[in-house]
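Biologist: Let us go through the terms used for this chain. I will ask what stands behind each one.

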Amino acid sequence: MRKFVILGGGYGGQAIAADVIEKQLPIDVEVILIDRMPYQGLKTEYYALAAGTVSDLEIRVKFPQDPRLTTRYGEITDIDLDNKLVYLEGQDPIDYEWLVVGLGCTDNYHGIEGAEEFSTSIQTLSNARKTYQLLNDVKPYGQVSIIGGGLSGVEVAAELRESRSDLNIRIIDRGPSVMSAFPGSLQKFVASWFREHDVEMLSHISLCRLEQGVLHDSNANQTILTDVTVWTAGIQPVEIVQRMNLPKDKQGRLIVNEYHQLPDYNDVFICGDCASLPFSPSGQAAGAQGKQIAEVIHAIWNNKTPKLGKLKLKGVMGSLGKKSGFGLMGSTPMMGKIPRLIKSGILWKSKRHFG
């Protein structure tokens with residue numbers, strides 16, 4: 001049997017697996033999905049798990065069930081592209097005819113001393129669980145510091161405010177404003193929501209070192225005290241991808257061709273946060289790319305030339321608690337209840353494999 005192996009059951013891996021088994025598979029092809037857990041964690045909702053406003057069970061999605069799909073569980077430790085082998089901790093290597101690398105991302109600590117050791121993360125389901133424990137063990141009127149004022153940091157801060165009205169919450173960013181990559185109207189809307197809900201915003205802070213309970217700002221040569229520090233200040237591809245000596249972009253993501261393949265290894269597809277795409281990493285981008293990879297592999301199996309359109313994203317939605325939100329539909333800003341309802345609808349569809 002020829003093996004089509006998918007590494008990672010996230011938004012991209014799920015989309016590929018579901019689309020591939022919807023159509024007729026060659027009788028000599030086995031599809032294998034490998035993940036460390038027996039379900040997908042909805043990463044766009046990890047902020048709510050960390051804040052304690054949803055349960056673990058609410059953000060799990062079962063993998064597709066089909067006799068043509070084999071699921072394997074384990075920690076992927078290495079990939080041998082030349083010998084076409086995937087290594088799993090404590091298991092025999094798995095050979096492949098075609099491979100998808102969709103292993104997601106990890107935090108980028110930008111070389112800041114003590115950042116990884118003295119902060120907590122929401123990049124994996126396991127880390128989000130640990131962050132939940134830390135945040136909800138903070139004593140009343142304790143101080144929580146969230147590093148990074150982008151989408152993830154804003155959602156963590158807002159959700160935590162809804163969960164713990166007693167806490168002192170601050171967002172720390174090296175830029176001039178929260179959501180600085182978004183239009184000014186959205187920046188003002190989010191900042192206004194934070195002021196109304198007593199979330200402190202510190203801008204132009206350049207952290208140079210973290211210690212237990214202390215953050216050091218190199219700009220003002222000052223220290224900032226904290227009880228728990230949540231890191232949401234950037235991401236990078238996982239370590240396995242970091243180790244690959246192949247062409248990458250400035251963010252460390254692997255360069256791919258028009259069919260999402262490695263130029264030097266056309267039997268290997270790169271999906272999601274590991275791939276150099278003209279978008280910021282997101283579940284939506286990974287899912288859209290995954291659908292195209294499924295098209296390409298079916299074309300290969302049928303000896304046809306793939307015909308792919310341009311990847312298009314519908315927009316970006318963010319939450320400010322359960323009743324308000326913000327977003328961009330194309331270039332149109334949205335603020336208030338409507339974008340929050342849209343995001344809730346997207347989550348409902350994701351949990352039921354509707355895209």
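Modeller: Two strands pair if DSSP finds at least two bridges between them. Helices (H or I, at least four residues) and strands (E, at least two) are DSSP runs, numbered from the N terminus. This is a predicted model: local features need pLDDT of at least 70, side-chain atom pairs count only at pLDDT 80 or more, and totals for chains, interfaces and linings use all residues. Residues are numbered from 1 along each chain as its sequence is written, and side-chain values use heavy atoms, with hydrogens and water left out.

Biologist: What makes S11 and S12 a pair?

Modeller: Five bridges join S11 to S12. The rule asks for at least two, so S11 and S12 count as paired, and they run parallel. Within this pair, glutamine 143 has asparagine 168 of S12 as its bridge partner.

Biologist: How do you know that S11 also pairs with S17?

Modeller: Four bridges join strand S11 (residues 143-147) to S17, again in parallel. Isoleucine 146 stands opposite valine 230 in S17.

Biologist: Why is the sheet of S13, S12, S11 and S17 called open?

Modeller: The order is S13-S12-S11-S17, with parallel pairing. Strand S13 (199-202) and strand S17 (228-231) are the edges; each has a single partner strand, so one side of each has no neighbour in the sheet. From one strand to the next, the twist averages 20°.

Biologist: What makes S11 mostly covered?

Modeller: Buried means under 20% relative accessible area, exposed over 50%, partly exposed in between (1.4 Å probe, protein chains only). Five of the five residues of S11 are buried. Gln143, Ser145 and Ile147 point one way, Val144 and Ile146 the other way.

Biologist: Why does glycine 283 count as buried?

Modeller: Glycine 283 has 16% relative accessibility, so it counts as buried. This residue is found in helix H7. Its C-alpha atom is separated by 8.6 Å from that of aspartate 273, ten residues apart along the chain.

Biologist: How do you describe the packing of H1 and H7?

Modeller: Two packed helices are described by the angle between their axes and the distance between the axes. Axes are lines fitted to C-alpha atoms, for helices over the stretch in contact, and angles run from 0 to 180 degrees between N-to-C directions. Helix H1 (residues 11-22) and helix H7 (residues 283-301) pack at about 35°, with axes 7 Å apart. Contact means heavy atoms within 4.5 Å. Among the residues making it are Tyr11 and Ala15 of H1 and Gly283 and Trp301 of H7.

Biologist: What is the make-up of the contact of H1 with H7?

Modeller: Nine residues are nonpolar, five polar and two charged. Ala, Val, Leu, Ile, Met, Phe, Trp, Tyr, Cys and Pro count as nonpolar, Asp, Glu, Lys and Arg as charged, and the others, Gly among them, as polar.

Biologist: What makes S22 and S23 a pair?

Modeller: Strand S22 (residues 324-329) and strand S23 (residues 332-336) share five bridges, in the antiparallel sense. At least two are needed, so they pair. Glycine 325 has glycine 336 of S23 as its bridge partner. The two strands form a hairpin with two residues between them, and glycine 330 in the turn has a positive phi of about 70°.
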